[in-house]
Amino acid sequence: MSIDPILTASPAEGQPGANTRKVFIKTYGCQMNVYDSVRMGDALASEGYVPTEQMEEADLIVLNTCHIREKAADKVYSALGRLREMKKARNAQGQELMIGVAGCVAQAEGEEILRREPSVDVVIGPQTYHRLPAALRRARLGDRIVDTDYAVEDKFEHLPAVESTRVRSRGVTSFLTVQEGCDKFCTFCVVPYTRGAEVSRPFRQIVVEAQRLVDAGVREITLLGQNVNAWRSEGPDGREWGLGDLLYKLAEIPGLARLRYTTSHPRDMDDRLIEAHRDLRELMPYLHLPVQSGSDRILKAMNRRHTAEEYLRLISRIRAVKPDMAMSGDFIVGFPGETEQDFADTLRIVEAVGYAQAFSFKYSTRPGTPGADLPGHVAEDVKAERLERLQSLLLKQQAEFAKSCVGKVIDLLLEKPGRMPGQLIGRSPWLQSVNVDAKPSQIGDIIPVRIIGTGPNSLFAEPVGASSAS
Ligand code: SAH
Ligand code: SF4
Ligand code: F3S
């Protein structure tokens with residue numbers, strides 16, 4: 001799953017009343033955390049909390065954290081240091097400020113967070129956040145709570161159903177978690193330890209949530225999972241269904257115009273899923289398929305369980321049925337033992353694929369993962385230099401892809417107001433942000449536009465003919 005380096009505050013919903021408490025949720029990390037923050041907000045709403053985008057006016061601040069790299073975890077502790085001061089100032093005025101830590105740092109560090117940061121009231125894991133309201137009630141009586149133990153219990157069963165007005169206020173695109181956890185154990189990665197074993201949400205639950213989103217005006221759903229294409233569930237015909245089958249079913253929901261899914265593992269891209277790309281107009285031609293390295297030696301040491309050649313063959317098969325498929329990926333440079341030759345293989349695989357988008361990182365040692373104990377750790381300056389070379393190639397490909405869109409007429413899903421009055425920002429089939437002149441009443445429509453130019457992070461377009469609400 002790709003990591004958004006930008007911290008996102010929960011969107012404002014509802015109007016605060018005089019007696020309501022306000023919660024500010026700060027989200028770090030991947031899309032799964034973005035989804036979880038929304039659901040935590042839902043759970044807290046049933047306790048009378050309304051979201052705020054102003055941290056300063058919040059009665060409760062929750063950090064929904066990420067543990068994927070050392071820096072991500074460090075950020076949490078420095079944010080907590082600032083919150084400690086804020087809490088002191090607040091308490092000195094006789095006011096309450098509660099502080100919660102959720103997400104993957106919470107799961108990984110548990111009690112340690114309470115030891116390091118006396119201002120924290122509640123630590124709650126990614127599988128237990130449905131119990132956040134109860135934990136807060138106990139914390140208010142003076143306890144400091146760590147609640148990260150989970151069994152087979154399904155948190156989604158315990159989260160409140162969301163009123164359609166709340167969903168509606170969140171816009172026309174939505175995430176929907178279908179799978180969580182990971183059994184792959186790549187040797188660099190903490191996710192199998194923070195999110196636990198692979199668990200798929202049952203088919204019926206997903207269809208109900210998708211229908212609810214569509215009823216509230218959502219036009220595009222992105223199915224989420226740490227390993228989304230490992231999703232398995234008993235289908236309505238009693239057979240075991242995979243992600244491909246699920247996509248065919250969801251594509252039947254009237255009004256649901258677009259489907260995406262992320263993140264996939266190359267080992268789980270099965271024929272049915274590739275067929276879905278061939279057959280379903282609703283399934284967008286954009287695939288995030290991390291490869292991490294182009295060197296077979298390093299792929300083996302990472303326990304990715306495929307070769308560079310197998311990855312390239314897979315992409316050829318996908319492009320054979322979907323020639324306009326845009327590829328996205330994740331890369332790690334400087335994994336222990338990576339030589340200049342291994343890195344050259346990574347550059348070569350990037351050249352061979354041609355990425356429309358990519359995320360690349362310096363290897364970060366995660367204590368407790370097998371990679372941490374491997375010999376041949378690469379010096380920081382070597383990692384930095386390799387990352388720079390890789391990123392300049394990826395950025396060049398990204399710019400080339402954007403340029404190749406100029407002159408094309410594409411379908412644009414109008415999503416939200418633009419920076420200029422009279423403009424909206426829409427989403428292309430390839431997940432690009434596109435600026436176009438349009439009216440606010442058109443949000444949610446899909447209109448044909450011609451791409452006329454490229455900017456640093458977005459495209460510019462003009463409407464073509466009359467708009468339609470297809
Ligand atoms: N299941 C997702 C993983 C999410 S982590 C996937 O397979 O894509 C997202 C990305 O973070 C990974 O793909 C990897 O590129 C990067 N990453 C994970 N652990 C890392 C580490 N220890 N150091 C540097 N990057 C890491
Ligand atoms: Fe981490 Fe690998 Fe699982 Fe992705 S597939 S979450 S990188 S262990
Ligand atoms: Fe980070 Fe946890 Fe996501 S470690 S990337 S928030 S699964």
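Me: How many disulfides does the structure hold?
Reply: The structure holds 0 disulfides, a disulfide being a pair of cysteine sulfur atoms within 2.5 Å. This is a predicted model, where local features need pLDDT of at least 70, side-chain atom pairs count only at pLDDT 80 or more, and totals for chains, interfaces and linings use all residues. Residues are numbered from 1 along each chain as its sequence is written, and side-chain values use heavy atoms, without hydrogens and water.

Me: Is C182 buried or exposed?
Reply: C182 counts as buried because its relative accessibility is 10%. Buried means under 20% relative accessible area, exposed over 50%, and partly exposed in between (1.4 Å probe, protein chains only).

Me: And what about C186?
Reply: C186 is buried too, at 9% relative accessible area.

Me: New topic. What is the strand order in the open sheet of 3 strands?
Reply: The order is 15-16-17, with parallel pairing. Strands are DSSP runs of E, at least two residues, and helices are runs of H or I, at least four, numbered from the N terminus. Two strands pair if DSSP finds at least two bridges between them.

Me: Which are the edge strands?
Reply: Strand 15 (286–288) and strand 17 (357–362), each pairing on one side only.

Me: How many bridges join strand 16 to strand 17?
Reply: 6 bridges join them.

Me: Now helix 9. Which residues are buried there?
Reply: F203, Q205, I206, V207, E209, A210, L213 and V214 are buried.

Me: What comes just after helix 9?
Reply: G217, which takes a positive phi of about 100°.

Methods
Chains are lettered from A and ligands numbered from 1 in the order in which they are written.
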